Amino acid sequence: MDLENMKNMLMTVDDPAMRLEILMDFGRILDPVPDGAECHEIVGCASFVQICRKENNFFGVADSGLVRGIVAVIL
């Protein structure tokens, strides 16, 4: 899913709680980090977060559903 689709989905909902649910759903569709990817932990976040790269592709890992959703939007 691309950023424009994510933005459109979030803009169609007025309820803040439902927006958070949608954001967490974005995190559920993150691709798994492939073997051999170079990962770096994001320091300063209360959750465990890693951004990983393999070749020219980026991946993300987080231990919080909400943070995974934010990572999905960033990626």
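User: Hi, I'm looking at strand 2. Which residue there is the bridge partner of Glu 41?

Analyst: That's Gln 50, and keep in mind that this is a predicted model.

User: OK. How many bridges join strand 1 to strand 2, and how do the two run?

Analyst: There are four bridges, and the strands run antiparallel. Strand 2 covers residues 49-54.

User: What's the strand order in the sheet?

Analyst: The order is 1-2-3 in an open sheet of three strands, with antiparallel pairing. Strand 1 (38-41) and strand 3 (57-62) are the edge strands, each pairing on one side only. From one strand to the next, the twist averages 20°.

User: And what holds strands of a sheet together in general?

Analyst: They pair through backbone hydrogen bonds, in either a parallel or an antiparallel way.

User: New topic: which residues make up the largest nonpolar core?

Analyst: Six of them: Met 6, Val 13, Ile 22, Leu 23, Phe 26 and Ala 72. Helix 2 (residues 16-28) gives the most, with three residues.

User: What does Val 13 touch?

Analyst: Leaving out residues up to four places away in sequence, Val 13 touches Met 18, Arg 19 and Ile 22.

Technical notes. Residues numbered from 1 in each chain as written. Predicted model: local features only at pLDDT ≥ 70, side-chain atom pairs only at ≥ 80, totals over all residues. Heavy atoms only, no water. Pairing = 2+ DSSP bridges. Axes fitted to C-alpha atoms, helices over the stretch in contact; angles between N-to-C directions. Core = buried A, V, L, I, M, F, W, Y, C linked by side-chain atoms within 4.5 Å. Buried < 20%, exposed > 50% of the residue type's maximum accessible area, 1.4 Å probe, protein only. Contact = heavy atoms within 4.5 Å.
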